[in-house]
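Biologist: Before we go through this chain together, could you show me how each kind of feature should be read?
Modeller: Let us take the features in turn, with the general idea before the case.

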Amino acid sequence: MAASEDAKGSTLRYAFGSVLSCFILLLIGVLAFSIRLFSVIKYESVIHEFDPYFNYRVTQYLTKNGIYDFWNWFDDRTWYPLGRVIGGTVYPGLTLTAGTMWWILNSLNIPLSVETVCVFTAPVFSAIAAWATYLLTKEVKGTGAGLTAAALLAMVPSYISRSVAGSYDNEAVAIFALIFTFYLYIKTLNTGSLFYATLNAISYFYMVCSWGGYTFIINLIPMHVLLCIVTGRYSSRLYIAYAPLVVLGTLLAALVPVVGFNAVMTSEHFASFLVFIIIHVVALVYYIKGILSPKMFKVAVTLVVSAGLVTCGAVIAILIAVVASSPTKGWSGRSLSLLDPTYASKYIPIIASVSEHQPPTWPSYFMDINVLAFLVPAGVIACFLPLSDASSFVVLYLATSVYFSGVMVRLMLVLAPAACITSGIALSEAFDVFTRSIKFQLPGLSGNSQTDAGETSSASTETQSDEIKKTEKNENSAKERPSKKTDKVEDSLRERPSKKSKKKEKENAEKTSIRHRMEKRLLVLPLEASAIAIFLLVLLGAFYVVHCVWAAAEAYSAPSIVLTSHSHDGLHVFDDFREAYAWLRHNTEMDDKVASWWDYGYQTTAMANRTVIVDNNTWNNTHIATVGTAMSSPEKAAWEIFNSLDVKYVLVVFGGLVGYPSDDINKFLWMVRIGGGVFPHIKEPDYLRDGQYRIDSQATPTMLNCLMYKLSYYRFVETDGKGFDRVRRTEIGKKFFKLTYFEEAFTSHHWMVRIYKLKPPKNRIRGKTKKSKSKTSSNSSRSRKKNPWH
């Protein structure tokens, strides 16, 4: 009776715990969604930044024309006159996801616009990513750690910065795909199930469709497999978790047009193939070991290892031959920038010019992961107590993500899940120790309460013991096959236990319980210390929540398309970008071409619906260098370059009047570097005075006469009579000048966006002059031919 009551009580506790976990996960999802709505509440439902406008435009095309037209779409409004094949150059995961959501909602008679669906896609997937984090961490250390890690990820500022409402970029769905792929890998590793292995390959396929960062997965998992092999932790579960992923995942990845044969031809994927060969050699060795005697096994291992080395050598030789012809040895520019942080600044300035490709500062870590930076080391220690295949994967994930985040600030986003997982493990283990210490020492909890406290182990210990049992079962399955009859006899004896055996089992259970309680007793801390520690942990969590809410509300909620500033006379809103794009849309011809620096290409195409010369895709360095050269050249040479590209308008962003620092003058040296990389007559020292970048009276003549300077500061002195630049905090050097080949077409309210029109030349071809014309008229005609400009 007592045993049945205990079993019934444990069942009820388990059921209550499951319901409570589901309720907490629901609240975490609501939290993850709602904390990202500050941008909509404070501003409006609008797409943010630059790249999301292209994704929004592509999603509009998909929902309007269908998926077949989407795959075959040739966009003639970008990269004029080259154009761009959209279906073959875009990662379609985000677009297809949002398009599917829009289609489902409209099928259910919920008539939301495409823009609304795009705005809220990132918050929705943030909640799903938090749930995926729970599943992953639960597989590693149990339910308590999973719930804690999910709550941390729901609020971590690093993830919020790329997933606020309106941030319709690839990372909105890619982080969920990354975490879920890791979860399925760990799940397969713990269970050895081919079902989960197949789901893992499909999840990897979705990640490939969503983001170019999928190469992180296909390199991290082989690293973990190799680590397990080297440390003697090979098992059949490891083979099942890895081999189907490489085969099915590579085949599926090759189906994505933007990836194609790169899935087997680029160096980013070669590590997975090499480890694939190694794990088959190891599997063959273990198989031979099970069927041969020790003496024969040594001979066979020599042959297998020799054949394996020959095979690996042949594969490596083939790979070297394949990539030897490439100047980058098969690596992409961004991958080389991660492996060698100085590579981009030396050879590919267009990559180095992007602000999110710069290395982060130390304050960035405290801003983006806050107190997690102090909890991560404790989580790493907890992963080693005890060390399992799953926990070793988390440690490896953390180590690699820390390195990559230190190279490129954008990859702080990849570090965020690893930091949340390890921090969740640390907090869960700490609360487990402190609460158990209080249970053991409270006066009311003695006797049976101590027994319950001793028997109630942490979820992490249960998970680890389950894994150990599964491992032992799988590893000994081969040994158990010959003795099936013996097993049947033992099973029948177990089904009819005698009184003596029952008594022995009861005694053994009591001994185990006492020993378990004694082990737990070793971790008991003083009552006062435990209470204070719990209070400090709660205080630390409160500080984290306050920081995350502040970051979501103030630091990361402002869209770059609409800017605000606070001053003594209240809030000021700068809506110059949309004002300028609206002017282009309503006051220019449909086939007019607009030139600007590549940062504004996506927005111009999506909001002004006009053809651009370059945009944020940056696939053609020569085309971008041509625009950079035009901006760096004198007015006449710049007019000739733009005229050859059939440009009608030139757009520049200027922040000198209102103090907007991300304007084209601050980006100008990158235009010079990129242009000079292709056209050698553009030299950076010509724009510097004693190595300093200046726009005042000490600026070089080349700088004062280039097109970018003139288009930015034309009539600027009229604003205050001095021409004081609030960004550079100095008076401009050249204040009074006129434009000969360009004319001002539009300047926004706060002078942040300025649009100029190219002056057309006068008709150069004239008929023969009549003989009756006077010499004076003939001379004046010649002078007009020499100067054909207005």
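Biologist: Is Phe16 buried or exposed?
Modeller: The classes rest on relative accessible area with a 1.4 Å probe and protein chains only: buried means under 20%, exposed over 50%, and partly exposed in between. Phe16 has a relative accessible area of 59%, and therefore counts as exposed; Phe16 lies in helix 1, residues 2-34, where helices (H or I, at least four residues) and strands (E, at least two) are DSSP runs numbered from the N terminus. This is a predicted model, in which local features need pLDDT of at least 70 and side-chain atom pairs count only at pLDDT 80 or more, while totals for chains, interfaces and linings use all residues. Residues are numbered from 1 along each chain as its sequence is written, and side-chain values use heavy atoms, with hydrogens and water left out.

Biologist: Which residues form the nonpolar patch on the surface?
Modeller: A patch is made of residues with over 30% relative accessible area and no salt bridge, like charges being joined within 9 Å and nonpolar side chains (Val, Leu, Ile, Met, Phe, Trp, Tyr) within 5 Å. Here the patch consists of Phe16, Leu20, Phe23, Ile24, Leu26, Leu27 and Val30, with about 670 Å² of accessible area together; such areas come from the Shrake-Rupley method with a 1.4 Å probe, and for residues only the protein chains shown count as cover. For the chain, the accessible surface comes to about 38,700 Å², of which 63% belongs to carbon and sulfur atoms, and buried residues make up 48% of the 790 residues.

Biologist: How should I read the strands, and in what order do they form the open sheet?
Modeller: Strands of a sheet pair through backbone hydrogen bonds, either parallel or antiparallel; two strands are taken as paired if DSSP finds at least two bridges between them. In this chain 5 strands form an open sheet in the order 6-5-7-11-10, with mixed pairing. Strand 6 (611-612) and strand 10 (742-747) stand at the edges with a single partner strand each, so one side of each has no neighbour in the sheet. Within the sheet, strand 5 (residues 593-595) and strand 7 pair in the parallel sense over 2 bridges, and Ala595 stands opposite Val650 in strand 7.

Biologist: Which strands form a hairpin?
Modeller: Strand 3 and strand 4 do, with 2 residues between them. Strand 3 (residues 563-567) and strand 4 (residues 570-574) run antiparallel, joined by 5 bridges, and Ser567 stands opposite Gly570 in strand 4.

Biologist: How many salt bridges are there?
Modeller: Side chains of opposite charge can pair when their charged atoms come close. A salt bridge is here a side-chain nitrogen of Lys or Arg within 4 Å of a carboxyl oxygen of Asp or Glu, and the count comes to 22. One of them joins Lys710 and Glu635, at 3.5 Å from N to O; the pair links distant parts of the chain, with Lys710 in helix 35 (residues 707-713) and Glu635 in helix 32 (residues 635-644), 75 residues apart. Lys710 is buried, with a relative accessible area of 11%, and Glu635 is buried, at 5%.

Biologist: What does Glu744 form a salt bridge with?
Modeller: Its partner is Arg754, the closest N and O atoms being 3.2 Å apart. Glu744 in strand 10 and Arg754 in strand 11 (residues 753-758) are 10 residues apart. Glu744 counts as partly exposed at 25% relative accessibility, whereas Arg754 is buried at 0%.
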